[in-house]
Each structure stands twice: as structure tokens, then as C-alpha cells.
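Hi,

Here is the structure I promised to pass on. Please open it alongside this message; my notes follow below.

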Amino acid sequence: MSLLKVVSSKLAAEVDQELMGPGVGFTLPQLMELAGFSVAQAVTREFPPGSVSIDKSVFVIAGPGNNGGDGLVCARHLKLFGYNPVVYYPKRSERNEFYKQLVNQLNFFKVPVLPNEQGSTDWLEYLDPKKTLCIVDAIFGFSFKPPIREPFGTILDRLYALKGQVPIVSVDVPSGWDVDKGPITEHALKPSTLISLTVPKPCSTHLSPDTSHYAGGRFIPREFANKYGFEPFDYEGTDQVLKL
């Protein structure tokens, strides 16, 4: 893992800024769709339909920002792949109409979006390993800065308390980790899988040796990657993820 090229949070922000700038012209919804699709594909690699019970739920916990949006997209694709996603979206973004549209799409596909009412604890039942195949951690991304505000502090404590009973699949950066320094609290999550979007961040060097690590977000050419000091990944065929 130490030999893997990583990109700092500052450089990752510059990559996103250029991708969505006038010279390239990607929109946030486009990149979010590609990112969420790659996360869903990584879930299918770790939990193939033929080898696990997809009657169990894939519990997607979505934060208020772009990482949460990736999770909402992931849930929609998992539904189309034949899985049984359930979304917990406790603090919904009001910044962008697009996030509301993502929720509308989940409603269209009859994907449950919790909480059903303010203050409900119905999400806790999906921490049961008998009921849940895995948890997609789409709470915080590379722009996360402490302190952790509620309800996310309580959520992360609950996930930590699982002690691996339910596998956790983290999107880009394990929630609560510092993107450059890695785990910064005693109760830091220990994901079973990480999907690094575009390129791994420095925190990925702190993953446990038994953590499955994927690159995802296949939307940049070689010349662009080289400009920022890394090589693009050799994805196979039409795959949107590559296991590192």
C-alpha cells in the first residue's frame, strides 16, 4: 500500500475544480452519477449475487454533502442490480435541487429512505448482521473537518460498536478520518472495503492489510492524470472499478 500513488486533499479539490470548470465542463450530477455507479459496482464485487443472500439489505448511510449524494446514486444502481438497498438520510441537503431529485428517484424505484419521521430510531434495526449484508458509509468525504456534529457523532459511534459484525464499505474516505492523516479518533471506523474515487487519498495508506481497496470514478484521461502527478488506473474492459 505504501507504494500506491496518493493525492492530497488540496490537490484532489483542484482536480474536481478543473473537471467542473469551463475548460472541461463536467457537472456535479455527472460526476456524482459516475462515482455512485462505481461504488455500486464495488459492492457487487465484494458481495456477488450468486454467493451471498441479496435478500438482506444494503444499508446506505448518506451524509449532507457530495459523499452522501454518491451514496444515493449507489443505492439506485444497487436496486437495479437486484439488491435490496435501504437509505438512511438524516440531514438532507437544501443547497441543491439535485439532491431532492436523487431522493425522488429513490422513491420512484421504491427504495426506502429513512427516517420516516423526525427523531425516529427505525434505522437502528439495519445494524443487525442478520438483516444487513453490508453498510455503505457515504457520510463524509475528503472535505470533512472536525468536529463531528450530531446526528453523525452518534451514528459513527454505533458503527464503531459493530466491531466488524456488519461489513462497512466506505466511499472515498472512511467517515471521521482525516483525508491526509487517516484515523484521528479512538473510535475511528475500520472499513472492510474502501472505494477511492479518481485516485486514492493519503488516508488510504492507513487501511488494514485485509481491507479491500478499489479505485473508482473512471472519468479522466492519462494526460490529465499526469498533470496532477499520477497515472490513471488500468481498468479492464467496461469496468468502473479496479481492485488495487
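Start with the lining of the second largest pocket: nine nonpolar residues, four polar and three charged. Bear in mind that this is a predicted model. The pocket itself holds about 270 Å³ of space. Its lining is made up of 16 residues, and Lys163, Gly164, Leu189, Lys190 and Pro191 sit closest to its centre.

Now the largest pocket. The space in it comes to about 810 Å³. It has 35 lining residues, and those nearest the centre are Asn66, Asn67, Gly141, Phe142 and Ser143. By type, the lining splits into 19 nonpolar, six polar and ten charged residues. Three helices each supply at least two lining residues: H1 (9-19), H2 (28-46) and H3 (66-80). H2 gives the most, with four residues.

H1 deserves a separate look. Which of its residues are buried? Ser9, Ala12, Val15 and Leu19 are. They lie on the same side of H1, because they cover an arc of only 115° around the axis. The general rule behind such patterns is simple: an α-helix has 3.6 residues a turn, so residues three or four places apart point the same way. Lys10 and Gln17 are exposed, on the face of H1 turned away from the buried side.

What covers the buried residues of H1? The cover includes H2 and helix H6 (222-227).

Best wishes

How values were computed:
Residues are numbered from 1 along each chain as its sequence is written. This is a predicted model: local features need pLDDT of at least 70, side-chain atom pairs count only at pLDDT 80 or more; totals for chains, interfaces and linings use all residues. Side-chain values use heavy atoms; hydrogens and water are left out. On a 1 Å grid over the protein atoms alone, a cavity is a set of points where a 1.4 Å probe fits but cannot get out, and a pocket is an open set with protein on both sides within 12 Å along at least five of seven lines; lining residues have an atom within 4 Å of a point. Grid points are joined across faces, edges and corners, and a volume is the space filled by probe spheres set on the points. Ala, Val, Leu, Ile, Met, Phe, Trp, Tyr, Cys and Pro count as nonpolar, Asp, Glu, Lys and Arg as charged, and the others, Gly among them, as polar. Buried means under 20% relative accessible area, exposed over 50%, partly exposed in between (1.4 Å probe, protein chains only). The arc is that of the directions from the helix axis to the C-beta atoms. Contact means heavy atoms within 4.5 Å.
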